[in-house]
Amino acid sequence: MIPKVFKEVIDLGDGREISIETGKLAKQAHGSVVVRSGNCMLLCTVVSNYDQADVDFLPLTVDYREKFAAAGRYPGGFFKREARPSDGEVLTMRLVDRVLRPLFPKDYHAETQVMIQLMSHDENVMPDAMAGLAASAAIQLSDIPFETPISEVRVGRINGEFIINPTLAQLGESDIDMVIGASADSVMMVEGEMKEISEEEMAEAIQFAHEAIKVQCAAQVALAEAFGKKETREYTPAEEDEALEARVKELAYDKVYAIAKAGSAKHERSAAFSAIKDEVKASFSEEELEEKGGLISKYYHKAEKNAIRDLTLKEGLRLDGRKTTEIRPIWCEVDYLPSTHGSSIFTRGETQALATVTLGTSREANQIDMPSFEGEETFYLHYNFPPFSTGEARPIRGTSRREVGHGNLAQRALKGMIPDNCPYTVRVVSEILESNGSSSMATVCAGTMALMDAGVQMKKPVSGIAMGLISDADSGAYAVLSDILGDEDHLGDMDFKVTGTADGITACQMDIKVKGLSYEILVNALKQAREGRLHILSKITETIDTPNADVKGHAPKMVTERIANEYIGALIGPGGKVIQELQKETGCTIVINEDPVTEEGIVEILGTSQEGIDAVLAKIASISFKPEVGSVYEVKVIKILDFGAVVEYLEAPGNEVLLHVSELAWERTENVTDVVNMGDVFDVKYFGVDPRTKKDKVSRKALLPKPEGYQPPKPRDNDRRDNNKRDNRRDNRRDKN
């Protein structure tokens, strides 16, 4: 039986379109769609259990995978099978999860899985920009409770013109690379990197993306109606008790408000709030606690949240006593670790990052091998968030999605400030030693200082700040919070991180939790963030204002030399013998790459000893030396023969040439040692390849003045005999003809 297929098409302009199709694949899933643009095809399925899980949160899993077969490739490694997700796949999962999660009912706790798979790849289509559309469309075709359709698009800007879902090639010309997630009514998520744009330009890009998202949301609604929109499933909602909620608020609200207004440090404040919670619980009987304990805790946290928000909106005060625009105290230090190539400490309040920089050759580049993208990064940043940074003990299970996401944000913030001609592969590692509010922004600041400490010639220093928003829809009042605490991250309506130089924004990450946020509030928040960024930047530049002029003494120096391809084999030697011995003798690391444009060899020489680097350069000069006809070179006698002297070019040690006895002097030379001896240094002129001997010809006498009345010397007897033989052979050939 041929399945009935339902399809909607979205026009992107420029002859491009996106289609959403259902009815053909994965029909046992609760919802499934195929989203296609060009030859790029994503299959997305969603399944949600009908039984509520015994947890107080939504156990949602968003999984995005790229199949190598989609690009006609094999997975790398010994086992030819897709394994753990790459960082690129994890980042796409986070982009989708952050928009979907807030739109499920808060009391919906059924195990839910959204699985997105790249089934066919098109090099002109970036699949991650369509993952959010695919996820939302699949949910719309299911009976899973979900507030409203959403979508995500990538926006770029080329020559001042915005473009939706640019190709990878177009992105290379763009000064903006942002992914925006939104419903038809509200922007919910923004993440991306920029080339020092203004706050107004960023808001304009978001607005442009939102208009495209509205069209994609309408297409999902039309598809669901054509397919036959299912009735939303019934589920057992969480228990509520208004009387109990009012009682808990009465017991807790004023006490929490007073503690919050007093302003205190994290642990002191946490202990005080915990004591209030215990007092609230003590007001209930054992029977009430056994029956309603979960609700009491829930309502306490709601009262706590409301009290803290009200304090900020009414009095402009925050949990630690700061005003809304205040930045916590900052102290910085560079060159803290003696053996690293660069290091720094950045401490802001109760958040601390220790950053290190390591310099290497292209061999240390980060290899990216995905079906949708192959390449390498010569600048990359890793972020580690150990449990002790928050005073906790918890299992360590490898790099978390959060660590991948925060590290990527900091990397995107800094990478545009790494000079194009930086010869090194640069790795930055951020170790979070304390955390109470935006360790990712501390990573940006620490990374900037560590790079400058390492002698990486950054174009400009970069700082970052985490901002929050508390608003009241009824009154229209709102407060933008600079440099938020961890607690403020949870209770606010918007969490956004902005990084940049003194001249503009380089990266951002926003999660907007309130509907219908006006662009006026957004721009105001971004401008307040700019003031905070510049304040933090001043603290960084007080510590180190410009990059160190050179790398540290124990850090490797990098020299890059270009040689013609014809000499690469000689430098490597048979079986790598020459280059291996050279590395052993000099203590340098030597890497050879080929420039596909100029078809030259690029030799990277990395070493801590300048003497060793000079020795490698001398060897390369020797191997690639090619004298020019008519040029004069300084040589040294290294061997005496009966018919001349073997001389070595001082400019290229190891390159030898025969200086024939007849080219030593204008006068007849009976013995070579009458004119030159071992070790003598003098100039010779290069005449190119002698057509008679097929060997290079050099002359000493050509640089000497010709004696007055000079007569060419008569041929020796041997020379006469040789000439006679040549004449006889010529006569014989003539007779035969």
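Predicted model: local features only at pLDDT ≥ 70, side-chain atom pairs only at ≥ 80, totals over all residues.
Residues are numbered from 1 along each chain as its sequence is written. Local features need pLDDT of at least 70 and side-chain atom pairs count only at pLDDT 80 or more, while totals for chains, interfaces and linings use all residues; side-chain values use heavy atoms, with hydrogens and water left out.

**Stop 1: strand 12**

Select residues 342-348, which make up strand 12. Strands (E, at least two residues) and helices (H or I, at least four) are DSSP runs numbered from the N terminus. Seven of the seven residues in strand 12 are buried, where buried means under 20% relative accessible area, exposed over 50%, and partly exposed in between (1.4 Å probe, protein chains only). Gly342, Ser344, Phe346 and Arg348 are on one side, and Ser343, Ile345 and Thr347 are on the other.

Two strands pair if DSSP finds at least two bridges between them. Strand 11 runs antiparallel to strand 12, joined by five bridges; Ile330 has Arg348 as its bridge partner. Strand 13 (residues 351-360) is also antiparallel to strand 12, with seven bridges, and Phe346 is partnered by Ala353. Strands 12 and 13 form a hairpin with two residues between them, and Gly349 in the turn has a positive phi of about 60°.

**Stop 2: two loop residues**

Select Asp335, in the loop between strand 11 and strand 12. Its phi is near 60°, positive in a residue other than glycine, and Asp335 is partly exposed at 43%. Then go to Ser438, between strand 17 (425-434) and helix 9 (439-453). Ser438 has a phi near 50° and is buried, at 13% relative accessibility.

**Stop 3: aromatic rings**

The whole structure holds ten aromatic pairs. Rings of Phe, Tyr and Trp (its six-membered ring) pair if their centres lie within 6.5 Å; planes under 30 degrees apart count as stacked, over 60 as edge-to-face and the rest as tilted. Select Phe6 and Phe227, an edge-to-face pair with 5.5 Å between centres and 90° between planes. Phe6 is in strand 1 and Phe227 in helix 4, so the pair ties together parts 221 residues apart in sequence. Phe6 is buried at 17%; Phe227 is partly exposed at 30%.

Next select Phe104 and Tyr108, which are stacked at 6.5 Å centre to centre, with 10° between the planes. Phe104 is buried at 4%, as is Tyr108 at 1%.
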